[in-house]
Amino acid sequence: MNKKRNIFLIILTFIISTFFVIILTNYYVNKKQKELLNSIYESTNKNIFEKTQNLINDKQNTSLAIAISLSKDETLYTHLKNKDFEKLNYVKIAKLIETNSKYKNIWIQIFDNNLNSVYRSWTNIRGSLNFRPDLKKTEALKNISTSISAGLFNIGIKARTPIFDEDGKLQGALEVVTHFDSITEDLLKNNISPIVIGDKSIRKNLTNPLLSKLFIDDYYIANGNVDINLYNYIKENGVEKYINIDNFIVENGYLISKYPLFDENGNNLAYIVNFMKLNNINLENIEHIKIQAILGAVIGLIIIFAAILIYYLRDIKYQNSKNKIILNSQPNIVIITNGKEIIDANKQLLKFFPLAKDLQDFKKRYICICYTFEDLEKDDYIINKDYNGKNWVEYIFENQDKNFKVAIKNSKEELRHFSVKTSSAKIDLAVIVTFIDVTNEILQLEKEKNEQRTLFQQSKINAIENTLNSIAHHWRQPLSVISTIASGMKLKEEIKELKTKDILLSCDKIILNTNKLSKTIENFSNFFGKDEKISSHSLVESVNNVILFCETIFEKNSIVCKFKHSEDLIINCNQIDFSDSILNIIDNSIYALVNNKDKEDRYILINFSNKILSIKDSGNGIEEEIITKICEPYFTTKHQSFGVGLGLFTVHEFFVRNLNFKIEFKNEEFEYKNKKLKGLNININFN
């Protein structure tokens, strides 16, 4: 197991875990803080609402108590009847209440049963009260009641009690009017800055505002103790934004909420917009959550780190055990080495070296397996030596595209051959090396080479036979001519008609034909007598020589052979083997043409272009069922007297196995000289 890799993975896992823990903690803290903050804001808003509501209820009850107390004056009706209100001393009573309580600006008014104000303690202005929705009906005066309404002078809390005569008839009512000053003062003591805003619907009746002269457009600011900064803030941002708050909003460092005021018909009358600074709200719980979350995250990280460490320690132990099992389950010798010593190995190594009791014993005996490599003096066999500054493992590791082998003697002194492969990556500067026993494959390969050597020898014998037949064919005509000339000279001598001129003429003809015989020998010597070593030679020249060699066979069998080429190629191989292979292909074509086609349709067309040599004939081709077998040894479509099935096999062996070129056999229909023909096309690809 790669220790550095494990340490890196532990650190990476911890960093990733820390990253996610921080993100999740931050998300949790933000979410909880948001939830708690919203909850605190909700609770604060509720408290402000309830505080405002309680203060209004208290003010209404107090106002009603004052009204009831004043209505108990037995002389009240008499003063109303005589309109002698100065004797009531309501102005002094109001001043006395203001002096001895928190309630300020207490107004007292009396109106008759025609809803006309006949007395106001705060002003001399009198008049009808028909504009007030709470006094639309005279029946409303018969009951003790409270309301919030807007009049000519301000928005106030009204408490009314009826005034009856001796007969119990309604003569009017006494009304105590209080305002929002004490309410706003109490709110200010609780760090709440209120602004009482009258709805714009009251603007038309509010003709003589007394306690405040402030307006924002048509909206009246009813409390005289308003914070001017907040007044200007609302004015700048638009008053309707704040009177339309559904629940609360948070902006500019304030929690802003609204308490709506309605008249007796449920219509909007006014709004108390309350401002509370956020720093006056207790947020200690939010900081506690943050601290708790951070502590929880730290503890969580410690637990995660411990869990990761324990897991990886167990995983390392498990992986080591698993790797050992995997190593030992391999049928091949597998070792981990740096090229100088063995770090680990599977049990197959000890089976091959039974004298070593265990890996430590093997190290004492051999140090490294490389000391057991036998030198076979072959390039593909690795030995324990320096390879340009690299040891044997490093050399194999950096040349993984090559097939290397080693030879090692076993305990019985038998030489065993191994294919050697290394891992594609290093582990702590070490490499996994696998030794695959290929002894049987190498012995089989040697056996196949011997068999191929025998096959090639048989092919050579067959080629010699063909050559002798061809020489005999080339010599037949010149020998016949020489024989005819000699017989003619003998006959003329017997009848005594042989003249010196005839002798000289006959000798010239004999010499001419013997020169032909000599030329034939020279041609065959040039074709078969070259050096058998690998050499560079022209493909076009070699093909032309084969065609020239077969010229008399073509003439005898009426075969047209055409060779076209747009280029030439210099190839490195044994020239005789190359010529033999081309000859074998043409020989198969000759046999197919002679046995399958009439004399006027016998063609062999050879073409070389784009480094592809094409040899096709018009011999009707080969059956598709057997075309894949024509390169197998001893497979032939000829009669036994014409072949043993080695021709195309040797062609395939030479071009494909020896030279690593590609060869393709296929039946092809083509047109030549306006004739539709079919035959076998053999393509040899030299790319």
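Which residue of strand 12 does S193 stand opposite? In this predicted model, the residue opposite S193 is F275.

View 1. Strand 10 and strand 11 (residues 254-262) run antiparallel and are joined by four bridges. Within this part of the sheet, E251 stands opposite Y254 of strand 11.

**View 2. Strand 12 pairs with strand 7 and with strand 11.** Six bridges connect strand 7 and strand 12 in the antiparallel sense, and S193 faces F275 across this pairing. Strand 11 and strand 12, also antiparallel, are joined by nine bridges, with F262 opposite N268. The two strands 11 and 12 make a hairpin with five residues between them. G266, in the turn of that hairpin, has a positive phi of about 80°. Of the 10 residues of strand 12, eight are buried, so the strand is largely enclosed by the rest of the structure.

**View 3. Y242 and F275 form a tilted aromatic pair.** The structure holds 28 aromatic pairs. In the pair of Y242 and F275, the ring centres are 6.4 Å apart and the planes stand at 45°; the pair is therefore tilted. Y242 belongs to helix 6 (residues 239-243) and F275 to strand 12, so the pair ties together parts that are 33 residues apart in sequence. Y242 and F275 are both buried.

**View 4. F373 and F435 form another tilted aromatic pair.** The distance is 6.3 Å centre to centre, with 50° between the planes. F373 is in the loop between helix 9 (359-366) and helix 10 (392-397), while F435 is in strand 17 (residues 431-437). The pair links distant parts of the chain, 62 residues apart. Both F373 and F435 are buried. The two residues also belong to one aromatic cluster, formed by F352, F353, F362, Y366, F373, W392, F418 and F435.

**View 5. Charged side chains of R203 and K616 lie over aromatic rings.** The charged end of R203 sits over the ring of F215, 4.3 Å from the ring centre. K616 lies over the face of F670, and here the distance to the ring centre is 4.5 Å.

**View 6. Confidence is given for the whole protein and for residues 638-645.** The mean pLDDT of the protein is 84, and 88% of its residues reach 70 or more. Over residues 638-645 the pLDDT is below 50. Beyond near neighbours in sequence, this stretch has 12 contacts in the model.

How values were computed. Residues are numbered from 1 along each chain as its sequence is written. Side-chain values use heavy atoms; hydrogens and water are left out. Two strands pair if DSSP finds at least two bridges between them. Rings of Phe, Tyr and Trp (its six-membered ring) pair if their centres lie within 6.5 Å; planes under 30 degrees apart count as stacked, over 60 as edge-to-face and the rest as tilted. Buried means under 20% relative accessible area, exposed over 50%, partly exposed in between (1.4 Å probe, protein chains only). A charge sits over a ring if NZ of Lys or CZ of Arg is within 6 Å of the ring centre and within 35 degrees of the ring normal. pLDDT is the predictor's confidence in each residue, from 0 to 100. Contact means heavy atoms within 4.5 Å.
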